[in-house]
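Visitor: Could you bring up the model and talk me through it? I'd like to begin with the pocket.

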Amino acid sequence: MGARLRVDGSTIHLEPSDLRPPAAPLRPTDSRAAAVAVLAGLGAPGTTRVEDAGHLDRSYERLAGKLRAVGAEIAVTDR
């Protein structure tokens, strides 16, 4: 997605960059990866599709609703 990271010891710095939506749907393998994919997608222009994100429901209660409450455009489907 074009993020630039810099590692300094045990600290990871996210440096300014132009995020872009991925060419293919993202398929995270755990709840933390799914949350990062959603948050990165919110910062990228266009549409980011996160598939098999059931991890989010189990680990982050009502995440989509909470993100919508602060202005996020997010859709949840059962595909």
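Guide: The lining of the largest pocket divides into 13 nonpolar, seven polar and eight charged residues, where Ala, Val, Leu, Ile, Met, Phe, Trp, Tyr, Cys and Pro count as nonpolar, Asp, Glu, Lys and Arg as charged, and the others, Gly among them, as polar. This is a predicted model, in which local features need pLDDT of at least 70 and side-chain atom pairs count only at pLDDT 80 or more, while totals for chains, interfaces and linings use all residues. Residues are numbered from 1 along each chain as its sequence is written, and side-chain values use heavy atoms, with hydrogens and water left out.

Visitor: What volume does the largest pocket have?

Guide: Its volume is about 960 Å³, taken as the space filled by probe spheres set on grid points that are joined across faces, edges and corners. Of the 28 lining residues, Val-50, Ile-74, Ala-75, Val-76 and Thr-77 are the closest to the centre of the largest pocket. A pocket here is an open set of points on a 1 Å grid over the protein atoms alone, where a 1.4 Å probe fits, with protein on both sides within 12 Å along at least five of seven lines, and lining residues have an atom within 4 Å of a point.

Visitor: Which helix gives the most to that lining?

Guide: That is α1, with four residues, although α1, α2 and α3 each supply at least two. Helices are DSSP runs of H or I with at least four residues, and strands are E runs of at least two, numbered from the N terminus.

Visitor: OK, and what does α1 pack against?

Guide: The buried residues of α1 pack against α2 (54-59) and α3 (63-69), and among them are Ala-34, Val-38 and Gly-41. At the N-terminal end, Asp-30 caps α1, with a side-chain oxygen 3.1 Å from the backbone nitrogen of Arg-32.

Visitor: Ser-31, then: buried or exposed?

Guide: Ser-31 counts as buried because its relative accessible area is 18%, the cut-offs being under 20% for buried, over 50% for exposed and partly exposed in between (1.4 Å probe, protein chains only).

Visitor: What does Ser-31 touch?

Guide: Leaving out residues up to four places away in sequence, Ser-31 touches His-55, Leu-56, Ser-59 and Tyr-60, where contact means heavy atoms within 4.5 Å. The side chains of Ser-31 and Ser-59 are also joined by a polar contact of 3.2 Å, that is, a pair of N or O atoms within 3.5 Å; within protein, one must be able to donate a hydrogen and the other to accept it, and residues adjacent in sequence count only if both atoms are side-chain atoms.

Visitor: Changing topic, where does Ser-10 lie?

Guide: Ser-10 lies in the loop between β1 (4-8) and β2 (11-15), and at 77% relative accessibility Ser-10 counts as exposed.
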